[in-house]
Amino acid sequence: MPIETSSAPSPITTIADIGKHEGQSVTLRGWLYNLRASGKLLFPIFRDGTGTIQGIVPKAAVPEHVFETLKSLTLESSLVVTGRVRADARAPSGFELDVDDVTITQRIPDETPYPIQLKEAGVDFLMENRHLWIRTPRQSSILRIRATIMRAAAKYFDTNGFIRTDPPILTPNACEGTSELFEMDYFGDDKAYLTQSGQLYIEATAMALGRVYSFGPTFRAEKSKTRRHLTEFWMIEPEVTYMDLDGLMSLAEAFLTHIVTRVLELHTADLKTIGKDVTKLEAVIAPSPFPRLTYDEAHAMLVDAHDKGLIETVHQYGDDFGSPDETFISSQFTKPVMVHRYPAAVKAFYMQPDPQDPTKALCVDVLAPEGYGEIIGGSQRVDDYDLLKSRIESHNLPMAAFQWYLDLRKYGSVPHSGFGMGIERCVAWICGLEHVRETIPFARTLNRIYP
RNA sequence: UCCUGAGUAGCUCAAUGGCAGAGCAUUCGGCUGUUAACCGAAGGGUUGUAGGUUCGAGUCCUACCUCAGGAGCCA
């Protein structure tokens, strides 16, 4: 069977590149995606990971064994097919393959047909068969876009003077002291926890390198069961010295604009497969700034919306925004909206108070459009030793565990800011998905750790 | 943790307390332009589990299990 080289006279290519070979004979290596037959004419659809293409097999035009082999071939059997590329207006991709020869790599037996049909299926069944579900065009498109988003996100920082510094995944204590963490035994007496954020550590690397970011998996053991939550997800976090909240918001804006721009450049076909309206993404990168709302302004917007009967819940001033609140706020804009200066009481201990109003924190949540909610959370950090120490005390956090973190304020403290973006929520928003479980190859959720 | 909903063929779903059904998938047959192709036929069931009510339970009751998505919490 052909692996890297082939004895076949036709060059090996991919379906994505098939247009470059119009009129030529090529060899494709992949799987049988679907098969339609009309008497002495077969329409096999081939898939190779880069796309799909329909083959044409007239009984009179091919050797007997080629016709008979394909006629009874089971879906998702693997194969190597040779044929001539022909432009055809009837084909969705514009090209069809006049099949000359086929070699079966592995034929799926009739008794054990491929479990996933082309027709609709339920969530439970699909997730139970996630290792196979990812073969479908829609899931493949999502994973390709995910890869672009991750690459574009990292590249944005790489090309803007940031150094990637990876924080530990095993940590001795909670970062923010709030979230539920996955706990594990660490050589007997000690406990270790899976990280919920690398932020505290990259504050340290920022003091060493100036502009840094981290990019890796993050874990939350909270029993959240919604379309926005995973127990294991990927987060990219920049941290910058001598940057204030306004600078951080500008950074987040430029960062998101770059990511959306790259997706639009590279994935019009994938976005079409998924069914995403690209005009929604084009609106995001239109040349105007992202709206910025203070907490107070957002609160007023919610009160007004409730008065007009647009939302059911009544937002209490001083409370954090609930999911329905965020959904409403973001639905009022076509671009991501940045809500800043929340009450310090509902935010993390490490956030710098606003000098104009110390009851507010210099923090920002970026809410994605179309009701997708929070995709970025960030803040300017407390840079004063005594204030940070008193915050750790008032939040009942173990002082000993934070000695190294306090050292950052003891030895050459500087103003600094950073944010974290959840990759899966970003992918869900850009792709227009109902649930984050489709944005990662193998989602880990409250009730599922298989496959 | 709380609230709500759902479990029937491999998959998606029907079935007023009264014979367990359909489409797709699989197998067999037909069709030379099909687009989740279509047409004909066949095989395929411990109705999530355990009890209970009833002449009779997929259907009603109780408990449990599994899953879903909403709250809280968060990215």
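Biologist: Why is C431 called buried?

Modeller: In this predicted model, the relative accessible area of C431 is 1%. Buried means under 20%, so C431 counts as buried.

Biologist: What makes C431 and C426 too far apart for a bond?

Modeller: A disulfide is a covalent bond between the sulfur atoms of two cysteines. The pair of sulfur atoms must lie within 2.5 Å. The closest cysteine sulfur to that of C431 is in C426, at 9.0 Å, so the two are too far apart for a bond.

Biologist: How many disulfides does the structure hold?

Modeller: The count is zero.

Biologist: Why does C363 count as buried?

Modeller: C363 has 0% relative accessibility. That value falls under the 20% limit, so C363 is buried.

Biologist: Why is F187 called exposed?

Modeller: Its relative accessible area is 75%. Exposed means over 50%, so the word applies to F187. F187 sits in the loop between β8 (183-186) and β9 (190-194). Together with L170, M184 and Y186, F187 makes a nonpolar surface patch of about 420 Å².

Biologist: Why is R227 called partly exposed?

Modeller: R227 has 48% relative accessibility. R227 lies in the loop between β10 (211-219) and β11 (232-241).

Biologist: Which residues does R227 contact, leaving aside its neighbours within four places in sequence?

Modeller: They are E434, H435 and V436.

Note on methods: Residues are numbered from 1 along each chain as its sequence is written. Chains are lettered from A and ligands numbered from 1 in the order in which they are written. This is a predicted model: local features need pLDDT of at least 70, side-chain atom pairs count only at pLDDT 80 or more; totals for chains, interfaces and linings use all residues. Side-chain values use heavy atoms; hydrogens and water are left out. Buried means under 20% relative accessible area, exposed over 50%, partly exposed in between (1.4 Å probe, protein chains only). Patches are made of residues with over 30% relative accessible area and no salt bridge: like charges are joined within 9 Å, nonpolar side chains (Val, Leu, Ile, Met, Phe, Trp, Tyr) within 5 Å. Accessible areas come from the Shrake-Rupley method with a 1.4 Å probe; for residues, only the protein chains shown count as cover. A salt bridge is a side-chain nitrogen of Lys or Arg within 4 Å of a carboxyl oxygen of Asp or Glu. Helices (H or I, at least four residues) and strands (E, at least two) are DSSP runs, numbered from the N terminus. Contact means heavy atoms within 4.5 Å.
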